[in-house]
Amino acid sequence: MADRPDTHLPPPHASHTCHLSGDQVRQLSDDIEERLHANGMRVTTALRDLIDVLLHQHRPFTLQQLQHMPRLAERDPATIYRLVMKLRDLGVLRYFPIGDSGNYFQLDTPDHHHDYLVCTECGTLTDVPFPCVVQQLETQLAEQLKWKKLSHSLVFQGICPDCAQ
Ligand SMILES: [Zn+2]
Ligand SMILES: [Zn+2]
Ligand SMILES: [Zn+2]
């Protein structure tokens, strides 16, 4: 594989992998397919592979990480880039801009919530291991201000224990 041109590449891992249940995966998969069809998007094998990776490894990925995943690595990186951007535009992917350490993408899972910690030194992304206190506020906003389909993305940035040493 050719050397990666980017000098501030994010690390090759996120520290937590969450698994969706079979039911959640099927439900999500149906929802995504429906949304793609509604937008006239053809489900090519490249797109199918990309969605499968995102469905079966439920965590945020950087574009570079996705381009190096099994099944996706043999594809043209430009194709993966284009598909990721399209899925982001359709709201199928959540998008976390993390400054210099890269941008992360994750399947949007409306009923399944995560918040994250990102290290600004090494770029490692970690699950917040506590219940989300913002969800209570979200419920309150929905009830009292009558907003529908509320969601939030919470990404804490700081220096991880490894880098702080
Ligand atoms: Zn999860
Ligand atoms: Zn770090
Ligand atoms: Zn949250």
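## Crossing helices

A crossing of two helices is left-handed if the near helix is turned anticlockwise from the far one by less than a right angle, and right-handed if it is turned clockwise. In this predicted model, the crossing of helices H2 and H4 is right-handed. The contact is made by Ala46, Leu47 and Leu50 on the H2 side, and by Thr79, Ile80 and Leu83 on the H4 side. Sorted by class, the residues of this contact are five nonpolar and one polar, with no charged residue.

H2 covers residues 45–56 and H4 covers residues 77–89. Their axes lie 10 Å apart and meet at an angle of about 65 degrees. Angles of 65 to 115 degrees count as roughly perpendicular, and H2 and H4 are therefore described as roughly perpendicular to each other.

## The antiparallel sheet

One open sheet has three strands in the order E1-E3-E2, and its pairing is antiparallel. Strands E1 (61–62) and E2 (93–97) are at the edges, and each has a single partner strand, so one side of each has no neighbour in the sheet.

The pairing of E1 with E3, which spans residues 103–107, is antiparallel and rests on two bridges. Within E3, Tyr104 is the residue that stands opposite Thr62.

## The mixed sheet

A second open sheet of three strands has the order E5-E4-E6, and its pairing is mixed. Here E5 and E6 are the edge strands, each with a single partner, so one side of each is left without a neighbour in the sheet. Ignoring direction, neighbouring strands of this sheet are turned by 25 degrees against each other on average.

Strand E4 (residues 116–119) runs antiparallel to E5 (residues 125–127), and three bridges join them. Leu117 has Thr126 of E5 as its bridge partner. E4 and E5 form a hairpin, with five residues between the two strands. In the turn, Gly123 has a positive phi of about 80 degrees. With E6 (residues 155–158), E4 instead runs parallel, joined by four bridges. Val118 stands opposite Gln157 of E6. In a regular strand the side chains alternate between the two faces of the sheet.

## Confidence in the model

The protein chain has a mean pLDDT of 85, and 88% of its residues reach 70 or more. Confidence is lowest in E2, at a mean of 85, and highest in helix H6 (residues 161–164), at 95.

Over residues 1–14, pLDDT stays under 50. For this stretch the model has 18 contacts beyond four places in sequence. Where pLDDT is low, the predicted coordinates should not be read in detail.

Conventions
Residues numbered from 1 in each chain as written. Chains lettered and ligands numbered in written order. Pairing = 2+ DSSP bridges. Axes fitted to C-alpha atoms, helices over the stretch in contact; angles between N-to-C directions. Parallel < 35°, antiparallel > 145°, perpendicular 65-115°, else oblique. Contact = placed C-beta atoms within 7 Å. Nonpolar A, V, L, I, M, F, W, Y, C, P; charged D, E, K, R; others polar. pLDDT = per-residue confidence, 0-100.
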